[in-house]
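Please look over the sequence and the 3D structure below before reading on. The paragraphs after them go through the fold as a whole and then through some of its residues.

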Amino acid sequence: MAIVTIVIHEGRDQPVKDRLMQALTEATCQSLGIEPRQVRVVIQEVPRGNYAVAGKTV
């Protein structure tokens, strides 16, 4: 089993997140040689202002 976690800014529509989860699942299956049923994808959404690069919020 593989668990893929991705952190993105919040605010994307569900269809966009669905496409992302599908693409991550396909890439994981291809890379690891496993079946889709063995892949879990977790999206963590971060509110804007709660993320910083070089000490500055983005």
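The text below starts with the overall fold and then turns to single residues and their contacts.

This is a predicted model, in which local features need pLDDT of at least 70 and side-chain atom pairs count only at pLDDT 80 or more, while totals for chains, interfaces and linings use all residues. Residues are numbered from 1 along each chain as its sequence is written, and side-chain values use heavy atoms, with hydrogens and water left out.

The protein has one helix and four strands. Here helices (H or I, at least four residues) and strands (E, at least two) are DSSP runs, numbered from the N terminus. In sequence order the pattern is β-α-β-β-β. The radius of gyration is 14 Å, well over the 10 Å that the globule rule gives for 58 residues, so the protein is more spread out than a compact globule. That radius is taken over C-alpha atoms, and the globule rule is 2.2 Å times the number of residues to the power 0.38. The C-alpha trace spans about 40 × 25 × 15 Å along its principal axes.

How much of the protein is buried? Buried residues account for 21% of the 58 residues. A residue is called buried under 20% relative accessible area, exposed over 50%, and partly exposed in between (1.4 Å probe, protein chains only). The accessible surface of the protein is about 4400 Å², and 51% of it belongs to carbon and sulfur atoms. Such areas come from the Shrake-Rupley method with a 1.4 Å probe, and for residues only the protein chains shown count as cover.

Contacts, meaning heavy atoms within 4.5 Å, show how the chain is folded back on itself in sequence terms. Among contacts between residues at least 6 apart in sequence, 63% join residues at least 24 apart.

In soluble globular proteins, nonpolar side chains tend to be buried together. In this model the largest nonpolar core has six residues: Ala2, Val4, Cys29, Ile34, Val39 and Val41. A nonpolar core is a set of buried Ala, Val, Leu, Ile, Met, Phe, Trp, Tyr and Cys residues joined through side-chain atoms within 4.5 Å. The elements that give two or more residues to this core are strand S1 (2-9) and S2.

Val41, one of the core residues, touches Val4, Met21, Leu24 and Thr25 when residues up to four places away in sequence are not counted. Thr25 is buried, at 14% relative accessibility. Leaving aside neighbours within four places in sequence, Thr25 is in contact with Pro36, Val39 and Val41.

Which residue forms a salt bridge with lysine 17? The partner is glutamate 45, and the closest N and O atoms are 3.1 Å apart. A salt bridge is a side-chain nitrogen of Lys or Arg within 4 Å of a carboxyl oxygen of Asp or Glu. Glutamate 45 lies in strand S2 (residues 39-46) and lysine 17 in helix H1 (residues 14-32), so the pair ties together parts that are 28 residues apart in sequence. A search of the whole structure finds one salt bridge. Lysine 17 is buried, with a relative accessible area of 12%, whereas glutamate 45 is partly exposed at 34%.

Histidine 9 is in strand S1 and is buried, with a relative accessible area of 17%.

The surface has a nonpolar patch too, formed by Met1, Ile3 and Val42, with about 320 Å² of accessible area together. Patches are made of residues with over 30% relative accessible area and no salt bridge; like charges are joined within 9 Å, and nonpolar side chains (Val, Leu, Ile, Met, Phe, Trp, Tyr) within 5 Å. Ile3 is in strand S1 and is exposed, with a relative accessible area of 56%.

Finally, consider the loops. Alanine 54 lies in the loop between strand S3 (52-53) and strand S4 (56-57). Alanine 54 has a positive phi of about 55 degrees although it is not a glycine, and it counts as exposed at 78% relative accessibility. Glycine 33, in the loop between H1 and S2, is exposed as well, at 65% relative accessible area.
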